[in-house]
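Please read the following points beside the sequence and the model, and look up each residue as it is named.

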Amino acid sequence: MKILIIGGAGYIGSHVAREFLDRGHSVTVFDNLSSGLRGNLFPEAGFIHGDILDYTGLSRASAGFDAVVHLAAFKAVGESMVKPEKYSVNNINGTVNILNAAVEGGIKNIVFSSSAAVFGQPEYIPVDEKHPANPESYYGFTKLEIERFLGWYDKLKGIRFAALRYFNAAGYDIKGRIKGLETNPANLIPVIMEAACGMRETVQIFGSDYDTPDGTGVRDYVHVSDLAIAHAMALEYTSKNDKSITVNLGSETGISVLEIVEAARRITGKPIPATIVGRRAGDPAKLTASSKLAHELLNWTAKYSDLDTLIKTSWEVYKNQQ
Ligand SMILES: NC(=O)c1ccc[n+]([C@@H]2O[C@H](COP(=O)([O-])OP(=O)(O)OC[C@H]3O[C@@H](n4cnc5c(N)ncnc54)[C@H](O)[C@@H]3O)[C@@H](O)[C@H]2O)c1
């Protein structure tokens with residue numbers, strides 16, 4: 001298939017582009033490089049330097065593709081609570097432009113990067129797709145709204161979508177082909193990696209008195225190569241079955257902050273100083289996914305999301321920064 005990967009120069013998008021190329025698809029990346037990197041582009045893929053907020057450029061660029069993978073968004077939860085207008089424009093208006101360009105260009109399949117942030121506080125774990133969606137952040141709200149837009153464009157315009165609700169994406173390409181560091185990372189593993197290679201002094205641990213085995217927060221980390229594989233499987237599903245899906249993508253394993261810090265110390269051989277600070281408002285004690293539906297529909301399960309693979313593949317990239 002001819003696939004346009006919007007946001008394909010970013011952290012997850014570059015892995016998704018690599019996976020589609022590996023499967024023999026024709027790939028073009030569309031990205032404004034606001035956080036994406038030229039170094040994340042592959043010579044065998046096309047590249048269009050463009051912005052989803054520029055409708056004319058976007059609709060011109062979209063012509064002739066069979067499918068769109070849409071990863072372009074702002075994703076900093078904290079910032080979204082202070083600057084919601086920024087998130088409304090880029091995430092929501094940008095997606096409306098993508099949907100309208102898809103309608104105009106006759107593109108029938110879209111894979112969308114949604115997020116576990118649509119759920120808000122877990123009422124039970126593991127969180128499955130039937131769990132109520134009450135986002136606690138404006139970022140999560142934008143993702144949920146976009147899922148609703150997708151639902152309407154499915155009904156009214158026959159666009160089939162896969163909304164993939166990623167849990168915590170982490171790790172780097174298993175074969176070491178992607179080396180772009182995340183821009184201003186807020187996620188735990190890149191922060192730990194930055195501390196390991198001296199790019200920051202300490203890792204802040206937000207709360208050590210949660211109701212978890214070691215008192216630190218427990219989350220579900222899913223390897224970015226597993227996510228990339230899920231995109232290819234999801235597009236195959238929506239295009240073959242002419243049907244839209246919304247699925248959780250997680251490893252179904254809870255890992256605590258402290259377990260990650262300790263594994264990183266062991267694997268990197270670095271001291272990685274950590275400081276315990278207060279809890280962050282809205283952080284649940286535990287959040288893990290049920291990915292049963294992705295397994296049933298797509299035959300997808302996380303293969304690379306064990307703790308050591310997450311850390312080892314990350315360290316392969318970060319160790320060069322020392
Ligand atoms: N990283 C995670 O753990 C995680 C979890 C859940 C969901 N997501 C979602 O996955 C997607 C990719 O996340 P990521 O971690 O790779 O982030 P990223 O910032 O590395 O990638 C986003 C990409 O989109 C591009 N982009 C942003 N705005 C654009 C615009 N207006 N026009 C064109 N390109 C634009 C950026 O330059 C970048 O290349 C995002 O939609 C994010 O919300 C990420």
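1. Asn184 lies in the loop between β7 and α6, where helices (H or I, at least four residues) and strands (E, at least two) are DSSP runs numbered from the N terminus. The phi angle of Asn184 is near 45°, which is a positive value in a residue other than glycine. Asn184 counts as exposed because its relative accessibility is 72%; the terms used here are buried for under 20% relative accessible area, exposed for over 50%, and partly exposed in between, with a 1.4 Å probe and protein chains only.

2. This is a predicted model, in which local features need pLDDT of at least 70 and side-chain atom pairs count only at pLDDT 80 or more, while totals for chains, interfaces and linings use all residues. Residues are numbered from 1 along each chain as its sequence is written, and side-chain values use heavy atoms, with hydrogens and water left out.

3. Glu252 is placed in the loop between β10 (245-249) and β11, and it counts as partly exposed because its relative accessibility is 43%. Another backbone detail is the cis peptide bond that joins Ile125 and Pro126, with omega at about -5°; Pro126 is found in the loop between β5 and α5 (138-157).

4. Strands of a sheet pair through backbone hydrogen bonds, either parallel or antiparallel. Here two strands are said to pair if DSSP finds at least two bridges between them. Strand β1 (residues 2-6) and β4 pair in the parallel sense over four bridges, and the bridge partner of Ile3 in β4 is Ala67. Four bridges join β4 to strand β5 (residues 109-115), and these strands run parallel; in β5, Phe112 stands opposite His70, and Val111 stands opposite Val69. From β5, seven bridges lead on to strand β6 (residues 160-166), again in a parallel run, with Ser113 opposite Leu164.

5. Which residues cover the two sides of β4 (residues 67-70)? Ala67 and Val69 lie on one side and Val68 and His70 on the other, and all of them are buried. Strand β5 is largely enclosed by the rest of the structure, because seven of its seven residues are buried. Asn109, Val111, Ser113 and Ser115 point one way from β5, whereas Ile110, Phe112 and Ser114 point the other way.

6. A further sheet is open and made of three strands in the order β7-β9-β11, with mixed pairing. Its edge strands, each pairing on one side only, are β7 (168-170) and β11 (254-256), and the twist averages 55° from one strand to the next. Between β7 and strand β9 (residues 218-223) there are three bridges in the parallel sense, and Ala169 has Val222 of β9 as its bridge partner. Helix α7 packs on this sheet, touching β7 and β9, and its direction makes about 60° with that of β9; contact means heavy atoms within 4.5 Å, and angles run from 0 to 180 degrees between N-to-C directions, with axes fitted as lines to C-alpha atoms, for helices over the stretch in contact.

7. Ala294 belongs to helix α9 (residues 292-298) and is buried, with a relative accessible area of 0%. Although Ala294 and Val247 are 47 residues apart along the chain, their C-alpha atoms are separated by 5.7 Å. Leaving aside residues up to four places away in sequence, Ala294 touches Val247, Asn248, Leu249, Asn299 and Trp300.

8. A cavity is a set of points, on a 1 Å grid over the protein atoms alone, where a 1.4 Å probe fits but cannot get out; a pocket is an open set with protein on both sides within 12 Å along at least five of seven lines, and lining residues have an atom within 4 Å of a point. Grid points are joined across faces, edges and corners, and a volume is the space filled by probe spheres set on the points. The largest cavity has a volume of about 40 Å³, and its lining includes Tyr11, Glu182 and Tyr318.
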